Every structure is written in C-alpha cells, then in structure tokens.
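Dear colleague,

I am handing over the structure below, and I would be grateful if you could look through it with the notes that follow.

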Amino acid sequence: MADKKTLTVDIGGSGIKAMLLDMEGNPIGGRVRVRTPRPAKPEAVLKGITKLTKKHPDFDRVSVGFPGVIRKGVTETAVNLHRDWVGFDLEGTLSERLGKPVRVLNDADIQGFGAISGNGVELVVTLGTGFGSALFLDGQLVPNLEIAHHRFRNSRTYEEHLGSAALKKTGKKKWQQRVAEAIASLEHLFNYDTLYIGGGNARRLTLDLPSNVKIIPNIAGLLGGIALWRE
Ligand code: BGC
C-alpha cells in the first residue's frame with residue numbers, strides 16, 4: 001500500500017484541532033488548532049478546517065471526529081454546534097472542497113479508537129463541552145452510542161450534569177462527585193471490562209478511580225483517526 005498521510009481533525013465545542021499521521025498512526029509534526037467559530041454553522045466550521053489544512057498541506061486523506069451522530073458521512077445531530085448541521089453531508093462536502101477522500105465519525109468513537117486495547121467490553125466516555133460515549137466489543141465499534149442526552153439524576157441528563165457548563169457552574173468538587181456517580185451507574189449498565197475517561201476535562205479528575213477505569217489523554221481524539229482507514 002502506498003505511504004499515505006492522514007490529516008486527522010477533531011471538531012470540539014471550543015476548538016477545532018488537527019494533526020498529521022503516518023501509516024502507523026504516529027504523529028508527524030505538532031497539533032494545530034483554531035477556535036470553534038460561533039455560531040458554529042457548517043460553512044464557518046468548514047472554513048476553520050480549511051485553515052488548518054494550510055498548516056499541514058501534505059496530506060492524502062482526512063479523518064474527522066464530529067460531536068454528534070453520524071450516518072454515512074451525514075451529520076444527524078450537533079447539540080453543541082448548530083442545528084444547521086442536521087442532515088449535512090459533511091463527508092461529501094469536505095471531500096469535494098479539499099479534493100481528497102474524507103471519512104467522518106463521532107468524536108468519542110474516534111477517541112475510543114485512540115485508546116482501547118481491543119479486548120472485551122470497553123466503554124469510553126469523554127468529558128468536554130459535551131459528554132461523549134463509545135462502546136467497543138473486542139475492538140469492534142458499536143456506532144453512535146449516545147449517553148449524553150439520557151437522564152442521569154434529578155431529571156437532568158449526563159451532559160447537563162457533567163459537561164463543561166456544569167463544571168463551571170457547580171465547581172470541581174461537586175462535579176467530581178457526579179463523575180463518580182456516573183461511573184457507578186455506567187458500570188451497572190454496561191458491565192464493562194475497562195472504562196476509559198477522556199476529553200479536555202478528564203485531566204481535572206483527582207478521584208481515586210477503580211482499577212478498571214483509566215484516564216486517557218485528549219490527544220487520543222486525534223490519534224484514533226487512523227482507525228477510519230483500516231481495512
Ligand atoms: C453529542 C455526542 C458527542 C459528545 C461529545 C454530545 O453532545 O451528542 O455525539 O460525542 O457531545 O462531543
């Protein structure tokens with residue numbers, strides 16, 4: 001197989017990040033970032049991605065992690081971006097614009113690919129603007145698991161209790177207690193072998209975690225992009 005370079009892009013609630021990966025998924029050069037435009041409508045976000053490609057122009061294909069449900073390259077939800085994303089052909093539009101093949105997957109699913117071992121039931125949650133979730137069985141992804149908008153406690157959802165807005169509002173101490181409660185609740189539901197916690201706010205956790213729970217670096221959200229091109 002020819003030596004292809006993958007530009008991996010992570011569209012987040014506060015920043016759009018990108019990095020270049022070699023065939024093995026190792027980074028080539030550093031991470032680049034632009035702020036997520038507000039309002040985060042498709043055209044503005046696409047402009048941001050195009051800007052990032054200028055900093056790493058030497059790519060052959062693109063992987064994009066998107067914060068919503070994806071079906072066949074089309075974005076179906078985007079709670080933390082803009083409602084104009086509902087029904088948007090991100091894969092097709094970006095591919096046409098860049099003249100390169102593009103694959104799009106949910107951001108937490110990509111984060112998971114960058115972290116899992118491939119053994120047993122592995123659950124991944126991400127703590128950032130939103131609450132991401134991804135489920136794998138022996139390395140196979142169960143796509144579009146969306147825990148974020150499910151009720152967690154007091155008729156509020158996981159995302160309402162654990163997203164960045166909640167962390168800011170309630171403070172780190174209370175937020176961490178909620179994270180511990182969420183872990184207990186998810187363990188009962190999924191009986192996972194391993195739970196990985198990623199996302200920008202994972203580094204704020206100072207809890208004593210059970211031995212089957214691991215914190216993963218946020219960079220996994222970019223490194224996992226190589227998995228989209230595995231045969
Ligand atoms: C979205 C998920 C996404 C998560 C993290 C949630 O609001 O519904 O699809 O993975 O935020 O970005």
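A salt bridge is taken here as a side-chain nitrogen of Lys or Arg within 4 Å of a carboxyl oxygen of Asp or Glu, and the structure holds five of them. Please keep in mind that this is a predicted model, in which local features need pLDDT of at least 70 and side-chain atom pairs count only at pLDDT 80 or more, while totals for chains, interfaces and linings use all residues. Residues are numbered from 1 along each chain as its sequence is written, and side-chain values use heavy atoms, with hydrogens and water left out.

One of the salt bridges joins Lys 5 to Asp 58, with the closest N and O atoms 3.1 Å apart. Lys 5 lies in the segment before strand E1 (6-11) and Asp 58 in the loop between helix H1 (42-55) and strand E4 (61-66), so the pair ties together parts that are 53 residues apart in sequence; helices (H or I, at least four residues) and strands (E, at least two) are DSSP runs, numbered from the N terminus. Lys 5 is partly exposed, at 26% relative accessible area, and Asp 58 is partly exposed as well, at 47%, where buried means under 20%, exposed over 50% and partly exposed in between (1.4 Å probe, protein chains only).

Another salt bridge links the side chains of Asp 10 and Lys 17, at 3.7 Å from N to O. Asp 10 is buried, with 8% relative accessibility, and Lys 17 is buried too, with 11%.

Arg 97 and Glu 43 also meet through their side chains in a salt bridge, at 3.0 Å from N to O. Because Arg 97 lies in helix H2 (residues 90-98) and Glu 43 in helix H1, this pair ties together parts that are 54 residues apart in sequence. Arg 97 is partly exposed at 41% relative accessibility, as is Glu 43 at 39%.

H1 and H2 pack at an angle of about 45°, with their axes 11 Å apart, the axes being lines fitted to C-alpha atoms, for helices over the stretch in contact, and angles running from 0 to 180 degrees between N-to-C directions. In the contact (heavy atoms within 4.5 Å), Glu 43, Leu 46, Ile 49, Thr 50 and Thr 53 of H1 meet Leu 90, Thr 93, Leu 94, Arg 97 and Leu 98 of H2.
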